[in-house]
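Biologist: I would like to learn how to read a structure like this one, feature by feature. Could we go through it together?

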Amino acid sequence: MLSVLAELQRELIVANTNDGLASARARGRVGGRRPRLTPDQAALAQQLYDVREKTVQQIADLFGVPRSTVYGHLNRETTVPREYKKTSTSR
């Protein structure tokens, strides 16, 4: 019997949360963290990455963000991953 009440309570909490999020969206509020790079900065980072002008670390240093942030702003559909440098091995 208690498990039925707990399940009902959980369903009410989920419903109220979804209603609150929908209400906030209707008022123009957006959830989540703000992006660290502006759209112009993200476009510049994409351009620098595409022409192989700078490394990801150099792009990150340019904007003062970690490399993972730069990777997060790159377009996944059009970005071609870089090839690793092949080192010569002597036998």
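Biologist: In which helix does L5 lie?

Modeller: Helices are DSSP runs of H or I with at least four residues, strands are runs of E with at least two, and both are numbered from the N terminus; here L5 belongs to helix α1, residues 2-26. This is a predicted model, in which local features need pLDDT of at least 70 and side-chain atom pairs pLDDT 80 or more, while totals for chains, interfaces and linings use all residues. Residues are numbered from 1 along each chain as its sequence is written, and side-chain values use heavy atoms, leaving out hydrogens and water.

Biologist: How many helices and strands does the protein have?

Modeller: There are four helices and zero strands, so that the pattern along the sequence reads α-α-α-α.

Biologist: Is L5 buried, partly exposed or exposed?

Modeller: Buried means under 20% relative accessible area, exposed over 50%, and partly exposed in between, with a 1.4 Å probe and protein chains only; L5 counts as partly exposed because its relative accessibility is 48%. Of the 91 residues in the protein, 18% are buried.

Biologist: Which charged end sits over the ring of Y49?

Modeller: A charge sits over a ring if NZ of Lys or CZ of Arg is within 6 Å of the ring centre and within 35 degrees of the ring normal; in this model the charged end of R52 takes that place, 5.3 Å from the centre of the Y49 ring.

Biologist: What share of the contacts with a separation of 6 or more comes from residues 24 or more positions apart?

Modeller: Contact means heavy atoms within 4.5 Å, and such residues account for 62% of those contacts in the protein.
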